[in-house]
Structures are given as C-alpha cells and as structure tokens.
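Here are my notes on the pockets and helix packing. Please read them beside the model.

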Amino acid sequence: MPSKRFFLYLFILFNIVILTYQSSKGLNFNLAFLNNIFSSIYKAKTAVVDFIHSPIRKIYIIEKENERLKTEVERLLQLEQKYLEAIQENKSLKGLLSIKEKERRYVTSAHVIGRNMGQWNNVLVLDKGLSDGVSKDMVAINERGLAGKITEVYGSYSNLLLVTDINFSVSVRLQESRTEGVVSGTGFRKCKLKYIPSEVEVKNGEIVVTSGLDRLFPQGIPVGYVSRVNKYVGLFQDIDVVPFVDNRKLEFVAIIKQ
Amino acid sequence: MRLLRFFVWLFSLILVFVIQSSFTIYNTSLNLTVLLAYYAGIKGKEMIGLFIGAMIGFLEDNLSGSLVGINMLSKGLIGYMSAFVYNRFFIWTPLFGVVIVILFTLIDGLLIYTLNSVFSKTPADLSVAFVVIMVQGMLNAIFGYFIKPVDMKIYK
C-alpha cells in the first residue's frame, strides 16, 4: 500500500504536469457544463436578491426622485416669481412711458426706494433728486392717477407726500357734476372730499379729477372715485374718496411740473 | 447518511461560491473556499482533506476560468496540511484556530499567485498581491474562531 506522502507527491506532480501542458499548449481543461450550472445558480441567486432588493431600491429611487422634483419645483417657483415680477415691472414702466409720451410737463420717472408709512406720515422715498431735475412741489403721478407731491428734495433722492397723508390737500372737480371741492388725506386708505354743498347730487363711483385751481396740481389728473356719500350732516356733504393710486403697490412714478 | 453529507458539502460549496463571487471588501474578493478545504482537513484524514480540497479547487478553477490545477493544487495541499497538522500536533483552541486559518489563507494565496505567475501570467504586483492576501487572511480569521474539529480534540 503506497504511503500518504506518495499520493501527495503524485498529486503535486499531476497538477504540475497538467499546468505545464495547459501553459505550453494554450489550452485549459475547464468543463463548460460546470460554468453553465453555476451561472444558473448565480441567476437564481440574483433573482432572489433582486426580489428582496427591488422594493427597497424602488423606494430609494422614488425618494431620490421626490427630492429632485422638490428642488425643481422650488427652482421653478423662484423662476415664476421672477417672471411675474418682470411682467409687473414691465406693466408699470409701460404706463410711465405712456405718460412720458402724452405729458408735456414730464420731468423724469422715479423708482420708490423707501417707504415711511407710519399712520400719520405717508411718505415715500424716490430715487430721483435735484440732480435729475426734481424740485419741491412737483407732482407725482402714475398711469392710474395722482400719487402725491414732492415735499423735500435732496441731491439724488426726494420725498413724496402721498395723497392719503393727513397733510395733503388738492383742489378737485367731480367729473359729472363739475362741482369743485378739495380732497384731503386722512392718514387712512380713504380721503375726504370737502366743501361739496348738500344740494349737489353726487353718485357713488363718480370720478374725481384735479381742477388746477390751486395752481399746485395740473388740471384733469384722476385722483379717485367716490365710495360713500352722506348728505345730511350740515352745509356740506360728507364724502369718502378712494384714490386710484394704491400706495401699497406703488413702485414707479412719473414726476411732472406744475 | 453519506448522501446527505454529500449534499451538505455541495450546498456549502455553492453557497461559498455565490458569496465569494458576490461580495468584495475594499476591492478584495473573499477567499472562503480555503476555509472549506481547511475544514475538510481537520474533519478527516490527510487523504480525505487532499481529495476534498482538490475537488473544491477543481471546481473553483473551472468557475474562475483559470488554468485547471492552480486552485486544485493549492486547496488540495491546504486540505492535506490541515489534516496533517491537526492529527500530529495541533490542539484546537480559538486562538490557534484563528492563527492557523490566517496562515493557511496566506499559504493558499501565495501558492495561487506563484502558480499563476509561473504557468500563466503575473496577476498583480507582489506588494499588491501580498496586501490582498493579508486582507483575505484577516477576513478569514473570524471564521477560524468558529470552525472547530468534530471529534473535539479541543484544549479545555
């Protein structure tokens, strides 16, 4: 009976011989069917692993996609805001442009750069001043109507007193009845139309325009519309006027001479 | 009983091949077949270790597409050596189990590297190969703690 060592040496020798043979002849003795069997096993294993992994992977992908879409939505919303802003700005500037074309007394257009909108102090800061030809008591309007008047002017900026300010007054005329009066600010959204006699018929919604009699504001600029009329308070009627220009939305104004 | 044992071996072998081909750790594939050869050795006699190790190596050679004989020789020798060492002077303790598994993994890896270099082509730089083999040894070390001989010639 050959010893264990004999088998060991034989085994080593056998391996070296087949390796040398394969090496020199460029062949190998791989059994293809083993690979086929293993590849079937591997496929089965992959199928099992996929079966377990697939839902997890799907959730992961959906989560990633969700995050990506959220970011995309945020980006698009920002973009939309920019576009809306540009549209609004364009609209305002178009209005100003039309004023510039129509109005002979046009001086310049100004951008609102600051707001001092306390209850009793409705003043806006404009980005145009002395250097742009702006001077005190000039009139500020936009495409809707009268915005206010310039009260203080500095080198590169000025202050605009709004129609709604309690210190603001303008001589006006009711467009239909042609009755003259004075619109004064109240510090609130609405203004008061003063000195309209009780016998004059004033309708709600009637438009109020500047009369030019005060020699401060040019004639015919729309100021606002009548929102409430109370005839029975005495010699004059108590009339509320809502200015056409909404101070809260005012961005651009055209400045015109008196 | 023998048939059952055969199927257990077959199943273990397939499992080992699947795991080995599926996972890499830091670009280092596992060398779990050496554990099977080692287990075959400490479980039986030298000739059984040699035979089972050689069979495992033969299958691995076929599946890895390398020259037939490289893994067959190395795994056969590991099977033989583990049986030889265990039967002669090796008293199993967890620490010895770990050390011997590392040692056998290193021997196996170096043998495969050498045989590939001689009969086929050098698979990688020696320094790289050494690092890879060391990592494989370290990973296998964990199994060395758990792979115990059946007849429990264990030091207590």
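**Pockets and helix contacts**

1. The lining of the second largest pocket splits into eleven nonpolar residues, one polar and four charged. (Nonpolar covers Ala, Val, Leu, Ile, Met, Phe, Trp, Tyr, Cys and Pro; charged covers Asp, Glu, Lys and Arg; the others, Gly among them, are polar.) This pocket has a volume of about 560 Å³. It is lined by 16 residues, and nearest its centre lie Arg5(B), Phe6(B), Trp9(B), Phe51(B) and Ile52(B). In chain B, H1, helix H2 (33-43) and H3 each give two or more residues to the lining.

2. The model is predicted: local features need pLDDT of at least 70, side-chain atom pairs count only at pLDDT 80 or more, and totals for chains, interfaces and linings use all residues. Residues are numbered from 1 along each chain as its sequence is written, chains are lettered from A and ligands numbered from 1 in the order written, and side-chain values use heavy atoms, leaving out hydrogens and water.

3. The largest pocket has a volume of about 700 Å³. Of its 27 lining residues, Ser29(B), Glu60(B), Ile112(B), Asn116(B) and Gln136(B) are the closest to the centre. Two or more residues come from each of H1 (2-22), H3 (46-64), H4 (70-88), H5 (94-119) and H6 (126-146) of chain B. The lining holds 13 nonpolar, eleven polar and three charged residues.

4. Pocket terms: on a 1 Å grid over the protein atoms alone, a pocket is an open set of points where a 1.4 Å probe fits, with protein on both sides within 12 Å along at least five of seven lines; lining residues have an atom within 4 Å of a point. Volume is the space filled by probe spheres set on the points, which are joined across faces, edges and corners. Helices are DSSP runs (H or I, at least four residues), numbered from the N terminus.

5. Lys4(A), Phe7(A), Leu8(A) and Phe11(A) meet Glu46(B), Met47(B), Leu50(B) and Ala54(B) (heavy atoms within 4.5 Å).

6. Within chain B, the axes of H1(B) and H2(B) come within 9 Å and cross at roughly 155 degrees (lines fitted to C-alpha atoms over the stretch in contact; angles run from 0 to 180 degrees between N-to-C directions). That makes the pair roughly antiparallel (over 145 degrees). Their contact has seven nonpolar, three polar and two charged residues.

Conventions
Parallel < 35°, antiparallel > 145°, perpendicular 65-115°, else oblique.
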